[in-house]
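Let us read this structure together, one feature at a time.

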Amino acid sequence: MEKKVLIVDDEFVVANDLRLILSRSGFDVCGMADSYDEAIAIIEKHKPDLVLLDIYLKGAKTGIDLAHALGERNIAFVYLSANNNQQVLQDARATQPYGFLVKPFREKDVLVALDIAWYRHAHSLEAKLRKEQTLQIALSNIMGEEIAWQQRLEKMARQLQHAVPFDFLIIGYKTREADLEGKCTFFRIGFDEYQTIKIADFFSITGIPAKHFSEMEEMIIAEGFKIYNGDDFKALCARSMLKRQIAKKFQVQSNLIAPINVTDKGYFLLSFFSLLPDAYTPDHLQLLKNLQPSLELAVDRLVALYEIRMLSEQLKREKIYLQEEVKTNANFEEIIGTSHSLLQVFDKVTQVAHLDTSVLLLGESGTGKELVARAIHSMSPRKDKLLIKVNCSALPANLIESELFGHEKGSFTGATDRRIGKFELAQGSTIFLDEIGELPLDLQAKLLRVLQEKEIERIGGKQTIKVDIRIIAATNRDLETEITNGKFRLDLYYRLNVFPITLPPLRERKEDIPLLADFFARKFAKKTGKPFNGIKPSALEEMMTYDWPGNIREMENVMEQAFVLNDGKSPLQWGRPLINNRPAVSSPATADTPSQSLPEIKAQKQAAEKDYILSILKKTNGRVRGMGGAAEILNMKPTTLESRMAKLGIKKEHG
Ligand SMILES: Nc1ncnc2c1ncn2[C@@H]1O[C@H](COP(=O)(O)OP(=O)(O)OP(=O)(O)O)[C@@H](O)[C@H]1O
């Protein structure tokens, strides 16, 4: 096939001579231009294989400008020149031409120059392709290796050096929300020797705050694949402190940036720096662009693997949490009661449940705040995820922070592993902050930030993590008094108090007592397998006159005790000795005086339980296991029953 040639010369006579020579020798002269613009128009239209070009052209732009445009388009070109100005020739050489013809020239010289140019071009294209493929395979292999992230980055850096030389390189992956496993920087110190500078150390070397780094980086990355050589790099340094610091510390003078987009999750950044002012060419840029699809795929796969790993870790944690929850909340079934004040609570719960509004649950201890929190969650669109509970008073102050926010490995003595905090665990779900009034002041400030910014930072972490959580807080304290005493932040109070729900104490809804008593009695009957024969009317009367300072939790405990003490034949009674001796309490302040000492109650409970188990064993002739055995009758696991028996001093032969 005839090769298409474009002739660019402002002297028509010279250009025409060339046209005749080329046409005679079998070339297809697709056009003649005397200016940059005209040449570009012909190039766009005819896509020549070769261009012969003069350095001086009509108009402001020169043949050297055109050479840059040809380089970007990968078209071979040969200079035609009578110019012997040293500087001009040097500039021309920097464009990497495929040949030089000095005017006046002979026909033979022209044909030989074109032949050589074509051969070199074809050869370099092939070599480039081969180099590109080799690099592509090498990088994909590194991505597929089972090695640590930093080691992977280092291997990639070494490979890239052959294709896009650098003296300093920033390489790594960043999601829109947080670093996957961080970026790394490599400073070349010998032929194949690099000093690895972790990004955290890089911050301290350059004095750039970690937070600004991301912002500055984002700004430049938005400009896409780009070369900043010489003056462009100086201009870049003038507007970016990051680049200025890098230039100063590592003495670099040019930069090539290639941010490889990885789906919608983030990007894999390659930022090359060189000590030379003109190190980077369109060829380098093109090579990286060509690598983009395969790198994108490889990083995407890695990210997916990473996410699976994270997810399975999260699942494991959720499972452990769930198991604990099931243990502690096995008694949760439903909220019992039909009193007017409780129905008002239900109304409020229904109003707010489906919104993302923060809810503050107020009320005395044991009034059912946690139960209501769970109801709100299970009626909300977040119900399919696990409600995460944090009891702010159950942990020492120094541990709550890690419990809530998590920590990075090594962030403090004892932090041997990275730990995900409850806020992260509650991602997409609801977090229930019980006893919020007990939260230390410094953590109140941090919680306020979560509420305002919807983001958290792990202890010792450098990145902020966006969180989507609904907050339900509860307290039995009077927060307004706490504010006056300087123990609770006013701003946090306003944030939490968006939708307060106050749970009435049991003494204000005594009409619910019979229902609750019946509910708890049946619950224990089901749990223990012991028959329930109703509640003695006198016992119910006593319950109605009692003030229940410990509210429903107290009633639950009292019912459990009554149930254990019951012989399994008569109706439940507990007037004596459990609450009969208690003073009829009218205010919670005087409430906590038990009728008996705890050890006494415990001993009584144990004696009753022992009697009951013995009576069952008698029926089964001492048989614990199997069909009709005591364990089956008591609805217990045989091992549990055996350990209870051992504790109560019952030997098998007792049966
Ligand atoms: N209306 C109700 N119906 C059935 N059980 C209830 C009801 N209210 C509370 N309970 C039970 O009473 C016990 C105490 O309730 P809960 O833990 O929700 O109270 P709380 O107000 O959160 O207490 P605290 O302030 O001490 O944490 C739980 O076992 C709960 O299941």
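Q: Is Asp54 buried or exposed, and how many other C-beta atoms lie within 10 Å?

A: A residue is called buried if 20 or more other C-beta atoms lie within 10 Å of its own, exposed if 12 or fewer, and partly exposed in between, with C-beta atoms placed from the backbone. Asp54 is buried, because 23 other C-beta atoms lie within 10 Å. Please keep in mind that this is a predicted model, in which local features need pLDDT of at least 70 and side-chain atom pairs count only at pLDDT 80 or more, while totals for chains, interfaces and linings use all residues. Residues are numbered from 1 along each chain as its sequence is written.

Q: Where does Asp54 lie, and which residues does Asp54 touch?

A: Helices (H or I, at least four residues) and strands (E, at least two) are DSSP runs numbered from the N terminus, and Asp54 lies in strand S3, residues 50-54. Two residues are in contact if their C-beta atoms, placed from the backbone, lie within 7 Å. Not counting residues up to four places away in sequence, Asp54 touches Val8, Asp9, Asp10, Gly63, Leu80 and Ser81.

Q: Which UniProt annotation covers Asp54?

A: UniProt positions are given in the numbering used here, feature names are shortened, and annotations may be inferred rather than shown by experiment. An unreviewed UniProt entry carries the annotation "modified residue: 4-aspartylphosphate", which covers Asp54.

Q: Which residues come nearest the ligand, and of which classes is the shell made?

A: A residue is near a molecule if its C-beta atom, placed from the backbone, lies within 6 Å of it. There are 19 residues around the ligand, and Ile336, Ser365, Gly368, Lys369 and Glu370 come nearest. For the classes, Ala, Val, Leu, Ile, Met, Phe, Trp, Tyr, Cys and Pro count as nonpolar, Asp, Glu, Lys and Arg as charged, and the others, Gly among them, as polar. The shell around the ligand has 6 nonpolar, 8 polar and 5 charged residues.

Q: Which helices and domains supply the shell around the ligand?

A: Helix H13 (369-378) and helix H21 (551-565) each supply at least two residues of the shell. Domain bounds come from an automatic or database domain assignment, and the shell lies between domain 3 (329-504) and domain 4 (508-654) because both give residues to it.

Q: How many residues are in the largest nonpolar core, and which have the most contacts inside it?

A: In soluble globular proteins, nonpolar side chains tend to be buried together. A nonpolar core is a set of buried Ala, Val, Leu, Ile, Met, Phe, Trp, Tyr and Cys residues joined through C-beta atoms within 7 Å. The largest has 38 residues, and those with the most contacts inside it are Ala157, Leu169, Ile171, Ile260 and Phe272. Among the elements that each supply at least two residues of this core are helix H6 (149-163), strand S6 (168-175) and helix H11 (282-328). Apart from this core lies another, of 36 residues, including Ile400, Phe405, Phe488 and Ile501.

Q: What do Gly406 and Lys385 show about residues that lie apart along the chain?

A: Positions separated in sequence can be compared by the distance between their C-alpha atoms. Gly406 and Ile456 are 50 residues apart along the chain, and their C-alpha atoms are separated by 9.4 Å. Gly406, found in strand S14 (residues 406-407), counts as buried because it has 24 C-beta neighbours inside 10 Å. Lys385 and Ser429 are 44 residues apart along the chain, with 5.5 Å between their C-alpha atoms. Lys385 counts as partly exposed, with 17 C-beta neighbours inside 10 Å, and, leaving aside neighbours within four places in sequence, is in contact with Gly428 and Ser429.
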